[in-house]
Amino acid sequence: MVEKKVTVAANHVTKRFDLAERQSDKVKAVFKFWGKGIPNFWAVKGVSFEAHAGETIGVIGTNGSGKSTLLEMVAGLTQPTSGQMTINGSTSIIAIGAGMRPKLTGRANIRLKALMQGMTEKEIEAKMDDIIEFSELGDFIDQPVKSYSSGMKSKLGFAISVYSDADIVIIDEALSVGDPTFTQKSMERTKRFKEEGKTIFFVSHSAAQMRQMADRVIWMHYGDIRMDGPIDEVMPEYDRFLKHFNRFSENERLAYQKRYKEAQKTFTLGHLKQLERNRQMLLDPSTALKRQKEDEHSFTEGSEKMGWFTRVFLIVITILTVGLMNKQLLNMSWANVAAHPTHLITNFAPSKLAQLNQRHGRIGTTNPAETPVYSATQNTYTVKDGETLVGIAEKANISVTAIMEANQMMDQVVNPGQEIILPVER
Amino acid sequence: MKDILKIFKELVKSWPVVQRIARYNNDQTYRENYLGDFWHFADPALQIGIMILMFAVRNGSDNGNPHATGLAGYIAWIALGMVTYFFMQAAMQKSAKSIQSQINMLSRMKFSLSAIPMTEIITELRRYFVMLGMAFFAILFMNVKPSIYWLQFFYYFFAMMIFLYALSLVTSTITVLVPDFYNAYTAVLRVGMWVSGVIIPVDSPKFPLLLSNILKLNPLYYIIQGFRETLLENPVWFWHNITANLLFWGIVIILLTVGAHIHMRFRNRFMDFV
């Protein structure tokens, strides 16, 4: 058999989740310093495999064994906590009702999903009818997705993905929702993918489907690969395990699950490293040490800290910016800053600020409150020495005739000391 | 630094998709409504209309605004500021929420998360350009002639987009981690118009100098004032005030560095937080 191109290669891949109870604990868990007491859960604990073009790989395992987590990493949707996941080619994941906007119609959802997968409008137009036909939705295609049944949703999701032209197709239990006819059709279609040289991963609890489709099976068992091989080898083992497991009494089963779950909680990367070392020693003691050195990076979590260069850069920029802010706030010139850098701080003293306001003619300083042109209690005014009625009228901004009318004066003569009324003009 | 480069690479790679999704979003938003696209512009147009009515007409002859003369001048001055501010406000608000609201859908798709805030910003552009066209109509009433200085529009537009994106990287990440942040952010944005010199000029002689200078540190003010200088005011090149330029870009670089870092650091975990 000719060795086919490797499309997916996983090397000691792990995935950890934080079992935080509250949102704030989740945030804390991200920072190692804070997140000490928060329990971890290793959904995938050091998985290695290779997948080739044209292979159909079934993934089996009980609920919570890490199937979906593993496939999400294969799809590139999440990143492994440690280890490498190498993906050559584009991926597309089909899961029940995934990535639909319930308010939009089926047609709008097809368009949006296709857009996000990088198709152009022309390509979408060309494929739209095929997708709708494949989905068997008929008139419902123009109804909002929220009114769909779960079968219809999965049909639509499958139809979109079928036409998305990815190299690696991942089907996460999406085949088990539709009716048998549709499932059959989907499987036929999936087989065609295989002929086109695509790599297909699919999760299903149905042994019949598995036998029909897969030629290789990965059996996930509480975060580990328990078996990986041709379907004829793995399926009988899996069946035997299930039979055995089903014969357990309720208590035994719970105890079994608890034991494995506990192992997933207490797992550490050091543990994985030790296991791998032992395995290498057994295989070939002479190269074990060398191999271990090469694989060292697989057992450490990627550093997420800010690089030193970035840190220094950020600090320098921040200091410069704050300095500039002060310069701007205090209206200092470049020459002034260069001559007296300390003024950037000392000039914030209230007296200096007052001077600054004064220099720029702002309020509270140079513009004294405007003194009233005339002093009058309410609207009476006492005539001063040497004033004429015309002069008063100008000061008060009232016409002469208005003043005369208000005071019932016959002529414009006013005497010093005389009180006159200044009418308010409305 | 690596993070910034990586984000820009992703952005370039997903650019065609970003544009298509933006167009799609615009077509979808008011699809159910009878008047459709009209609502895109009705709301901001109403707000600008009211502001012009209440402030421009009242303050038209005031000497409180050193930047605008006469009623027409004031209307153009306010309209340009408000168009810019509304665009920035909407873009900032939507991009902050973008990752939180779309992660469920996008987590099942291979689409660069760093491009999502950009999608929202680009989506808002259509409304912005139409509103800007309306503002130009107001500018026509003034005695303003096109000049070489109008080319600065591209500089300020670029500055605005970079600033919005850098900020959105920070805010969208924080919104996912600490949902309360979004409430505070929208509240601040709603009053932001009053401190960004959109309606009340921040360098009016009625303010103490220190207060004006503090308000001028605001990057939003830099952008709004930049557009006004470009299109309305006495021709000045953008480099006339070196300090203001350096300050703006300093803030942008800080935002970009911090934003790129926290985005990269948390993006694998976004799913766990929503």
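What share of the contacts in chain A with a separation of 6 or more is accounted for by residues 24 or more positions apart? The share is 68%, where two residues are in contact if their C-beta atoms, placed from the backbone, lie within 7 Å. The structure is a predicted model, in which local features need pLDDT of at least 70 and side-chain atom pairs count only at pLDDT 80 or more, whereas totals for chains, interfaces and linings use all residues. Residues are numbered from 1 along each chain as its sequence is written, while chains are lettered from A and ligands numbered from 1 in the order in which they are written.

Chain A holds 17 helices and eleven strands; helices (H or I, at least four residues) and strands (E, at least two) are DSSP runs, numbered from the N terminus. Of the 426 residues in chain A, 29% are buried. A residue is buried if 20 or more other C-beta atoms lie within 10 Å of its own, exposed if 12 or fewer, and partly exposed in between, with C-beta atoms placed from the backbone.

Domain bounds, which come from an automatic or database domain assignment, divide chain A into domain 1 (6–299), domain 2 (308–359) and domain 3 (380–421). The centres of domain 2 and domain 3 of chain A, taken over C-alpha atoms, are separated by 58 Å. Helix 12 (residues 308–329) of chain A contains Gly323(A). Gly323(A) is partly exposed because 17 other C-beta atoms lie within 10 Å. Between Gly323(A) and Val337(A) there are 9.6 Å in space, C-alpha to C-alpha, at 14 residues apart in sequence.

Backbone angles were also examined. Most residues other than glycine have a negative phi. Glu136(A), by contrast, has a positive phi, near 60°. Glu136(A) sits in the loop between helix 4 (121–135) and helix 5 (150–162) of chain A, and counts as partly exposed because 18 other C-beta atoms lie within 10 Å. Asn331(A) has a positive phi near 50° and belongs to the loop between helix 12 and helix 13 (334–339) of chain A. With 16 C-beta neighbours inside 10 Å, Asn331(A) is partly exposed.

A nonpolar core is a set of buried Ala, Val, Leu, Ile, Met, Phe, Trp, Tyr and Cys residues joined through C-beta atoms within 7 Å. The largest has 127 residues, of which Ile170(A), Ala79(B), Val83(B) and Leu164(B) touch the most other members. Helix 4 (residues 70–106) of chain B provides the largest share of this core, 17 residues. Not counting residues up to four places away in sequence, Val83(B) touches Tyr128(B), Met131(B), Leu132(B) and Ala135(B).

Between the chains, 48 residues of chain A are in contact with 41 residues of chain B. On the chain B side, helix 2 (15–29), helix 8 (209–216), helix 10 (242–266) and helix 11 (270–273) each supply at least two residues. Helix 10 of chain B gives the most, with twelve residues. By class, this side of chain B has 24 nonpolar, eight polar and nine charged residues; Ala, Val, Leu, Ile, Met, Phe, Trp, Tyr, Cys and Pro count as nonpolar, Asp, Glu, Lys and Arg as charged, and the others, Gly among them, as polar.
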